[in-house]
Amino acid sequence: MAGALPRSPLAPERLPELTPVAGVRLAAAACGLKKTGAPDVLFVALDPGTTAAGVFTRSRCPSAPVDWCRRALPKGSARAVVVNAGNANAFTGQAGVKTVASTVVAAAKLVGCEWEEVFVASTGVIGQPLPEDRIARHLPDLAKALGEAPSSSDWEAAAEAIRTTDTFAKGATRTAVIGGTPVTITGIAKGSGMIAPDMATMLSFVFTDAVIPAPLLQRALNAAVDKSFNAITVDGDTSTSDTLMLFATGQAGNPPPAGGDGDLADFQRALEELTADLARQVVCDGEGAQKLITIAVTGAISDRSARRIGLAIANSPLLKTAVAGEDANWGRIVMAVGKSGEPADRDRLGIAIGGVQVARDGMVVDGYDEAPVAAHMKTRSIEIAVDIGIGRGQATVWTCDLTHGYISINADYRS
C-alpha cells in the first residue's frame with residue numbers, strides 16, 4: 001500500500017473505551033508484514049474453559065487460516081488466537097499450510113494447550129507466500145508481553161494491529177445480564193475493501209466473560225451475523241479470509257444457560273447490537289467512502305427476500321455513484337429492485353429518500369419536490385426506504401458510496 005490513508009470522514013471521533021474481558025490477555029507487535037513498520041501481529045491468550053464459535057467466508061478459495069479454523073472449531077474450546085495483517089496467507093498452497101501449522105504449534109506450546117484450541121487469521125495481500133516461521137518466531141516475545149489485567153489501551157492496540165487499508169481502528173463494548181449476573185462483551189474488527197455478505201477482507205473477534213456452552217454460543221453468533229455482517233457491503237466482493245469468532249471465557253460465573261430462548265435473550269440483544277455496531281463501522285471505513293447509506297426494505301414476501309432486494313440496491317454501482325455525486329436519481333433504486341430477482345410488483349412499489357416520499361404505487365408522487373431530497377443527498381448519512389408492497393418481510397442493509405478514492409486505493413494496493 002502506498003502509505004497512510006486519510007481518516008474516513010465517516011469515522012467516529014475516537015475509538016470507544018473498550019471494557020476488558022476477564023479471562024482474555026492480549027499483546028500486539030510488529031513482525032515486518034506491514035511496510036509501515038506498524039504492529040501487525042496480535043496474540044490473544046484465553047483462560048482454560050473458554051468456549052468458541054465462529055463463522056467464515058463461503059468463498060470457494062478460502063485462505064489456509066480459514067481452513068484450519070474450520071477444522072479446529074468442532075472441538076468448541078479455545079486457548080489462543082493469533083492474527084496477522086499485511087499478508088492474507090491465501091492462495092499460497094502447501095507453504096500456507098505449513099505457516100499455519102508452525103504458528104499453531106508455537107502458540108499451543110506457549111499457552112499449554114492442544115493444537116485445536118488455537119485459532120489463526122490473516123489479512124492482506126493474496127498470493128504472497130509467508131515464510132513458515134515468520135509469525136511463530138515472534139510469539140515468545142508476545143507471550144511475555146501478555147498483560148495479566150489488560151486495559152482499554154491494550155484493546156485499542158489490538159484493534160490497531162489487525163488493520164490493513166482501514167483508516168481507523170474499530171471496536172465496541174456492550175453489557176448484558178444472564179441469570180441475574182452481569183456479563184461483558186467486547187469486540188474488535190477490521191475491514192475496508194473486499195466487503196460483501198457471506199462473511200464480508202473482514203475479520204472480527206468478540207470476547208465475553210459469560211458462561212455459555214459452545215453450541216449455544218454458535219447459535220447466538222449465527223443469529224447476530226445474519227443481521228449485521230451479512231447485511232453490509234462496500235464493493236460486492238467476498239474475501240478469501242473473512243472470519244468472525246466469538247469466545248466465552250466463563251469468568252463472569254453466571255448460571256449456565258439451559259438453552260431456552262429466554263435464558264440468553266439479553267445476551268442476544270447485546271451481541272446483536274455489538275455486531276451491528278462493528279459492521280456499520282466497517283461500512284463507514286469503506287475504501288474511498290464519503291457517505292454511509294442505510295437501505296430499509298419493507299413489504300417483501302419474506303425477510304430473506306427483503307435483504308436480497310436491499311443488497312441488490314446496495315451493490316449497484318449506478319446507485320452508489322449517484323449517491324457519491326449527490327444526485328437524487330431514484331430511478332436507479334427502481335432498477336435495482338427489478339434486477340434483484342426477488343418477487344416485486346412495479347405498481348405497488350414505494351420509495352422514500354431522507355424521509356421524503358418520492359414514489360408510490362409504481363410512479364412518482366403528485367407534486368414531488370426534489371429540493372429537500374437533493375439537500376439530503378448532500379449529507380453524510382443517506383437514508384433510503386423501499387416498500388415492495390406485497391408482504392411483511394423487512395430488512396435493513398448498509399453500504400457506502402463509490403468514489404474515485406476506491407479506484408485510487410485499490411490501484412495502489414500492492415505498491
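Trainee: Which residues in helix α1 are buried?
Mentor: In α1, residues 64-72, the buried ones are Ala64, Pro65, Val66, Trp68, Cys69 and Ala72, where buried means under 20% relative accessible area, exposed means over 50% and partly exposed lies in between, with a 1.4 Å probe and protein chains only. Helices (H or I, at least four residues) and strands (E, at least two) are DSSP runs numbered from the N terminus. This is a predicted model, in which local features need pLDDT of at least 70 and side-chain atom pairs count only at pLDDT 80 or more, while totals for chains, interfaces and linings use all residues. Residues are numbered from 1 along each chain as its sequence is written, and side-chain values use heavy atoms, with hydrogens and water left out.

Trainee: And what covers those buried residues of α1?
Mentor: The cover includes β3, α2 (93-111), β5 (118-125) and β9, with contact meaning heavy atoms within 4.5 Å.

Trainee: What order do the strands take in the open sheet?
Mentor: The order is β3-β9-β8-β7-β6, five strands with mixed pairing, and two strands pair if DSSP finds at least two bridges between them. β3 (51-56) and β6 (170-178) are the edge strands, each pairing on one side only. From one strand to the next, the twist averages 15°.

Trainee: How many bridges join β6 to β7?
Mentor: Nine bridges join them, and the two strands, β7 being residues 181-190, run antiparallel. Thr173 has Thr186 in β7 as its bridge partner, and Ile178 stands opposite Thr181. The hairpin of β6 and β7 has two residues between the strands, and Gly179 takes a positive phi near 60° there.

Trainee: What about the other neighbour, β8, how many bridges join β7 to it?
Mentor: Six bridges join β7 to β8, again with an antiparallel run, and Ala189 stands opposite Ser204 in β8. Nine of the 10 residues of β7 are buried, so that strand is largely enclosed by the rest of the structure.

Trainee: Which helices lie across these strands?
Mentor: Helix α4 (residues 152-161) lies across β6, β7 and β8 (203-208), at about 30° to β7, and helix α5 (residues 214-226) lies across β3 and β9 (243-248), at about 35° to β3. Those angles run from 0 to 180 degrees between N-to-C directions, and the axes are lines fitted to C-alpha atoms, for helices over the stretch in contact.

Trainee: Changing topic, how many disulfides are there?
Mentor: The count is zero, a disulfide being a pair of cysteine sulfur atoms within 2.5 Å.

Trainee: Last one, which element gives the most to the lining of the second largest pocket?
Mentor: That is β15, with four residues, while α6 (265-284), α7 (303-314) and β15 (393-400) each supply at least two. Among the lining residues are Glu272, Arg304 and Trp398.

How values were computed:
1 Å grid on protein atoms, 1.4 Å probe; cavity = no way out; pocket = protein on both sides within 12 Å on 5 of 7 lines; lining within 4 Å.
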